[in-house]
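Dear colleague,

Please find the structure below. My notes on it follow.

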Amino acid sequence: MGLMDGKRGLVVGVANERSIAWGIAQSLHRDGAELAFTYLNESLEKRVRPLAKSIGSNVVLPCDVGSDDDIKALFQSLKEEWGSLDFLVHSVAFANKDELKGAFYNTSREGFALAHDISAYSLVALTREALPLMEGRNGSIITMTYYGAEKVMPNYNVMGVAKASLEASVRYLAADLGPIGHRINAISAGPVRTLAAAGIGDFRKIQRVNELRTPHGRLVTLKEIGGTALYLCSDASTGMTGEILHVDCGFHVMSLSINEALHMSSES
Ligand code: NAD
């Protein structure tokens with residue numbers, strides 16, 4: 001018997017097999033969830049369909065989260081297909097690549113608005129349209145954030161500010177959803193080499209610093225992020241909402257790495 005037996009959910013944000021959303025989908029599927037997927041455009045559809053098929057899903061729908069019409073059409077199709085929804089996985093972000101390096105003050109007005117629209121507002125818009133399908137089902141919504149929302153991370157720039165907006169949105173949505181029986185939480189994941197991450201300047205160096213500084217001495221895996229997503233989407237976490245859970249091998253609790261600290265003490 002799986003934690004997700006009898007539950008149906010929508011996963012927004014699979015681009016390929018390295019996507020965090022795909023790691024999450026695999027964990028949910030292993031525990032019995034029935035899944036639907038979205039894709040951004042035709043070239044990604046070619047990647048998403050076979051992945052969905054490999055875990056027995058044939059509900060694969062288009063959605064650009066920057067379009068209210070797309071979002072409405074998505075949930076209309078899901079209503080016709082399933083009639084109800086138990087959980088929603090939001091794993092989407094976008095910023096102009098040339099604004100994910102250098103000085104944050106060079107962010108353009110358009111780039112600032114775009115990053116917030118796709119990476120933060122989309123959660124609000126998807127939640128609103130998902131609600132009618134979640135009625136009476138004690139729904140769970142999760143989203144993906146990053147430590148760059150809390151602390152300055154080189155090159156993360158406007159995405160860090162958009163993630164801060166996303167995290168605040170989780171808290172405000174939690175207050176909206178509680179009285180109607182639903183929950184929303186975020187996972188703050190450590191760095192994973194994905195398509196989106198490849199757009200961040202010096203991403204490999206950021207990963208290396210993480211490896212050196214985490215208590216685990218390594219990077220988080222997709223399976224570990226998926227395990228936390230499974231917990232948050234399942235009834236095992238019904239007492240939690242509005243939470244930002246760090247799944248980063250402990251990076252956020254460290255100031256210096258153990259090695260840095262030892263090196264300093266041997267010099268003194
Ligand atoms: P990814 O490239 O695999 O996934 C990003 C997804 O966003 C893609 O599927 C892409 O198609 C989708 N997307 C972008 N613009 C869209 C739009 N207008 N409409 C619909 N979909 C759109 O990369 P990922 O790293 O798996 O990113 C997933 C989430 O995880 C993002 O929110 C990201 O910020 C977050 N995150 C990533 C890391 C990391 O190190 N990779 C760490 C913490 C949080």
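Just after helix 1, Gly 32 adopts a positive phi of about 100°. Helices (H or I, at least four residues) and strands (E, at least two) are DSSP runs numbered from the N terminus. This is a predicted model, in which local features need pLDDT of at least 70 and side-chain atom pairs count only at pLDDT 80 or more, while totals for chains, interfaces and linings use all residues. Residues are numbered from 1 along each chain as its sequence is written, and side-chain values use heavy atoms, with hydrogens and water left out.

Helix 1 (residues 20–30) is mostly covered, with eight of its 11 residues buried. Buried means under 20% relative accessible area, exposed over 50%, and partly exposed in between (1.4 Å probe, protein chains only). The buried residues are Ile 20, Ala 21, Trp 22, Gly 23, Ile 24, Ala 25, Ser 27 and Leu 28. They pack against strand 1 (8–12), strand 2 (34–39), helix 2 (42–54), strand 4 (87–90), strand 5 (140–145) and helix 7 (222–233).

Ser 234 sits in the loop between helix 7 and strand 7 (244–247). Ser 234 counts as buried because its relative accessibility is 0%. A polar atom of the Ser 234 side chain lies 3.0 Å from the backbone oxygen of Tyr 231. Neighbours within four places in sequence aside, Ser 234 is in contact (heavy atoms within 4.5 Å) with Leu 3, Met 4 and Arg 183.

Phe 112, in helix 4 (residues 109–134), counts as partly exposed because its relative accessibility is 36%.

Regards

Notes: Polar contact = N/O pair within 3.5 Å; in protein donor to acceptor, adjacent residues only side chain to side chain.
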